[in-house]
Amino acid sequence: MIIKGKYPIVASTEDVWDHLMNPEVLSRITPGISELQPLGGDKYLAISKIKIGPVSGSFEGELELKDMKINTHATIVINQKSKIGNVSAEIKMQLNTIDDITEIEYNGEAKLTGKLAMMGQRIIGGVVSTLSKQFFKTLNDEMNITKS
Amino acid sequence: MSNYIGQSIKRREDDRFITGKGKYTDDIVLPKMTHLAFVRSPYAHAKINSIDTKAALAHPGVVAVYTGEDCGNFGVPCGWQVNFKNGDTMKEPTHPLLAVGKAKHVGENVVAIIAETLQDARDAAELVEVDYEELPAVTNPNAAIQPGAPQVHDDIPNNVVFDFALGNPKEEVDAAIDGANHVTKLDFKNQRLAPNAIEPRSYIADYDVTVDKYTLYTSTQNPHLIRLLMCAFVLGLPEHKVRVISHDVGGGFGSKIYHYTEEALVTWASKQIGRPIKWTSDRSEAFLTDAHGRDYVTTAEMGFDNNGKIVAFRVHSDANLGAYLSTFSTACPTYLHATLAQGCYTTPLINIDVTATFTNTNPVDAYRGAGRPEMTYMIEHLMDTAALEMKIDPVELRKINFIPAFDGVNQPGYQTQVALQYDSGDYHATLDRALEMVGYDQFRKDQEEARKNGKLLGIGFSTYIEACGIAPSAVVGSLGARAGLYESAHVRVQPTGSVSVFTGSHSHGQGHETSYAQFVADTLGIPMENVDIIHGDTNEVAFGMGTYGSRSLAVGGSAIMKSLDKILEKGAKIAAHKLEAAVEDLEYAEGKWTVKGTDKSIAFGDVSLTAYVPHDYPEGLEPGLDFSSFYDPANFTYPFGTHIAIVEIDKDTGKVTLKRFIACDDVGNVINPMIVEGQIHGGVAQGVGQALLEGVDYDENGQMITGSFMDYAMPRADDFPFFETDRKVTPCPHNPLGVKGAGEAGAIGSTPAVANAVMDAISHLGIKDIQMPITSERVWKAMNS
């Protein structure tokens with residue numbers, strides 16, 4: 001499944017980068033994530049609860065940031081396991097500065113297995129798009145509230 | 001008292017089915033019974049690095065945990081050997097009871113957990129840690145044979161199971177296509193289907209240490225075949241030590257023919273733990289692991305001369321057999337498929353070329369029709385498409401090409417270009433009757449009127465033929481079948497004249513207990529209530545090949561008739577003795593032997609009592625009235641018919657509504673018209689399901705994305721109009737009942753009729769073809785591109 005999109009954040013590229021790289025912020029604003037524990041380096045243990053259509057489950061696994069260039073780009077690698085199936089994803093994230101707006105451009109692929117794939121796959125595209133929008137909207141709100 | 005044949009007698013078995021008194025495998029609870037749950041592969045293709053079962057073993061209630069290493073030597077066999085064109089044996093990898101080394105499709109059994117309760121087994125299964133290394137997967141049969149494709153089995157190059165061709169020499173067919181006045185060509189996928197029997201598969205194995213015997217209760221269509229395959233080819237058990245019982249079975253459609261790994265595993269494990277074990281599939285497991293149907297990627301071409309006569313028919317298909325070879329999988333795209341390429345037409349040159357491939361998907365096998373629906377779809381869809389392209393009426397095009405009527409008695413059978421000889425047929429008769437039923441001329445006027453009003457109406461035809469009553473053992477043996485395909489019957493007349501019939505065929509929805517009793521009672525001239533039909537237990541029934549391929553009445557019924565003949569022959573000797581007459585002077589009617597021209601007679605029950613109390617008895621004659629027979633048919637049977645669909649398509653949404661469905665079938669003689677009509681209705685529903693709704697899809701990683709009833713569209717009652725059915729009768733000339741078989745006709749004939757109706761409604765908009773299932777989305781896209 002391809003995950004792809006753009007979202008404009010009304011903030012400087014440096015601010016956006018700082019927020020995105022802050023585990024405390026990420027665990028607060030990412031839908032479903034309840035914990036993001038540093039494992040050293042750019043690796044984290046992520047624990048989340050997600051409900052997609054008829055299936056819901058608790059996920060646990062690693063989240064890693066790689067190919068990082070400060071204020072420019074990073075790749076998020078996710079490997080999450082659950083009793084209803086596993087999710088693995090690799091998503092490239094690029095920050096583009098357009099005047100006083102930072103556009104976050106993301107592009108990657110996610111693989112699902114188990115019941116998650118059997119019963120959730122047809123609706124998951126829509127769910128991911130909704131969750132992404134929710135994430136970026138919260139990020140945008142948070143940054144603009146922080147500023148004011 | 002007699003004349004049951006031809007009556008729509010209500011099914012005796014329905015009382016127990018509809019009042020919850022049926023005896024299905026999962027209803028059985030044995031003392032000390034344990035429960036089994038599987039850990040199944042979440043990956044389509046993955047190396048198994050290690051399996052840690054410690055936590056599962058420690059879970060309360062767990063009795064045993066097995067992995068592929070514990071039973072790695074056992075594998076379930078394929079039942080039909082098809083060789084490569086060059087004569088090499090097909091590739092037949094071991095199909096292990098639990099995955100060894102690699103998992104090759106999502107849902108493959110990896111670990112078996114046996115526990116005191118099902119919940120314990122399932123909880124423990126979640127504690128098993130399997131370290132998988134995911135490998136690239138391939139799911140499409142054409143992609144599988146491309147260079148560089150992932151290898152399902154490391155030692156089978158290019159994933160090719162075999163290549164196969166049937167018909168006339170390819171050069172001759174190619175030349176005829178090249179020289180044809182018009183060629184119609186279609187590229188399509190005959191999509192994969194999930195059988196979805198209402199009762200999921202269920203097995204209980206019970207090893208009895210006191211007598212060293214096994215009992216396997218299984219939801220199968222053929223208990224003796226399961227016993228033979230499992231004993232002789234999987235576990236190496238002597239057959240007399242194994243009893244297989246298949247009581248009531250809630251639908252099969254082919255999916256319960258095969259010997260599944262789970263059956264052998266519970267049987268093996270029951271001895272290991274010395275206790276009974278039950279496994280019942282849940283619906284998700286059924287979607288993942290019940291053998292699927294269809295899945296061919298096909299290019300089909302039909303050439304015509306300038307009079308609309310077919311000059312040649314050429315096909316290449318890549319057939320997806322899944323990750324392993326299921327019992328009859330190899331026969332489906334070959335001898336159950338290519339042999340039907342003649343259709344009802346006089347096509348002089350035919351070449352069917354098939355490459356069968358392994359992919360990282362669940363095994364594919366026979367599903368209601370088994371190879372024949374796929375062939376019928378391509379022929380009949382080509383006919384209507386060609387008619388549209390050549391601007392000939394599709395009815396006219398068929399009439400130009402039909403094989404003339406032949407009854408197989410006064411005229412010989414029809415020798416096809418593809419190995420078979422049709423027994424009897426009158427293809428014009430069913431077409432003419434169906435046209436009368438639909439009111440064809442009026443429909444074309446209505447269609448024109450509807451178009452003026454912006455409505456899209458279409459009509460589609462299918463004049464199908466199929467081969468049933470599988471089959472002469474010598475013929476199928478020469479084609480690679482690893483079993484004979486006769487049937488057995490044992491008729492035991494009890495001393496007081498009631499009759500127990502033990503049949504090797506198996507009823508799982510077909511109503512044998514009723515229709516068999518009808519013809520047995522008629523033949524013996526006794527009340528139906530005095531006849532009992534027994535099936536589904538290897539200890540009661542001597543042997544049997546089971547029920548599939550619409551064979552029960554044609555083959556199993558014929559075996560019963562043979563035993564009835566023997567009973568009447570012996571009964572006549574006893575009657576002659578008692579009546580002090582010669583056998584030749586007796587006639588048998590209405591349940592008694594009468595000395596011709598006199599009122600001296602003796603009833604069937606008096607003769608049977610004499611047979612068991614032989615005080616005054618013919619000299620040298622054995623007591624008893626009890627006969628076994630085996631019947632091996634002389635030929636397949638060839639039912640045929642005409643199906644017509646009328647659809648309306650919503651211009652704005654692309655939704656296809658089936659407005660009318662007409663079926664005029666010829667299945668030979670009919671014992672119980674209601675049961676035959678029910679079979680046609682069910683088959684049509686499944687065939688329409690394929691045309692409009694159903695389809696198993698895997699994503700690019702080999703994950704099944706249609707694994708529930710929310711994602712896999714099953715047809716429902718509100719998808720259908722009331723079917724309009726009628727029959728013609730061309731008796732089968734080579735079996736005693738003159739019957740041909742009706743189980744699969746509906747599913748074989750209906751699919752192309754619906755697809756053709758859709759194209760008839762929208763082809764004037766410049767649309768050439770739409771792939772099945774013909775969903776609103778696909779129609780809308782075609783209309784808006």
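## Sheets, helices and cysteines in chain B

Let's start with an open sheet of 4 strands in chain B, ordered β21-β20-β19-β25 with mixed pairing. (Two strands pair if DSSP finds at least two bridges between them; helices, H or I with at least four residues, and strands, E with at least two, are DSSP runs numbered from the N terminus.) At its edges stand β21 (531-534) and β25 (626-631) of chain B, each with a single partner strand, so one side of each has no neighbour in the sheet. On average, neighbouring strands here are turned by 15 degrees against each other, direction ignored. (Axes are lines fitted to C-alpha atoms, for helices over the stretch in contact, and angles run from 0 to 180 degrees between N-to-C directions.)

A quick word on the ground rules: this is a predicted model, where local features need pLDDT of at least 70 and side-chain atom pairs count only at pLDDT 80 or more, while totals for chains, interfaces and linings use all residues. Residues are numbered from 1 along each chain as its sequence is written, chains are lettered from A and ligands numbered from 1 in the order in which they are written, and side-chain values use heavy atoms, leaving out hydrogens and water.

Back to the sheet. Strand β20 (residues 499-503) of chain B pairs with β21(B) in the parallel sense over 4 bridges, and B:Val499 stands opposite B:Val531 in β21(B). Two helices sit on this sheet. α15(B) lies across β19 (487-493), β20 and β25 of chain B, at about 145 degrees to β25(B). α16(B) touches β19, β20 and β25 of chain B too, and its direction makes about 90 degrees with that of β19(B). (Contact means heavy atoms within 4.5 Å.)

How do these two helices, α15(B) and α16(B), pack against each other? Helix α15 (residues 552-579) and helix α16 (residues 604-612) of chain B meet at an angle of about 90 degrees, with their axes 9 Å apart. That makes α15(B) roughly perpendicular to α16(B) (angles under 35 degrees count as roughly parallel, over 145 as roughly antiparallel, 65 to 115 as roughly perpendicular and the rest as oblique). Among the residues making the contact are B:Ile567 and B:Ile574 of α15(B), plus B:Phe604 and B:Val607 of α16(B).

Chain B has another open sheet of 4 strands, in the order β18-β26-β27-β28, again with mixed pairing. Its edge strands are β18 (456-465) and β28 (724-727) of chain B. β18(B) pairs with strand β26 (residues 640-649) of chain B in the antiparallel sense over 10 bridges. Helix α17 (residues 673-692) of chain B lies across β26, β27 (656-666) and β28 of chain B, at about 140 degrees to β27(B).

Now for helix α6 (residues 223-235) of chain B: 10 of its 13 residues are buried, so it is largely enclosed by the rest of the structure. (Buried means under 20% relative accessible area, exposed over 50%, partly exposed in between, with a 1.4 Å probe and protein chains only.) What covers those buried residues includes β10 (213-218), β11 (242-245) and α7 (261-273) of chain B.

Finally, the cysteines. The structure holds 0 disulfides over all chains (a disulfide is a pair of cysteine sulfur atoms within 2.5 Å). Here are two of the cysteines:
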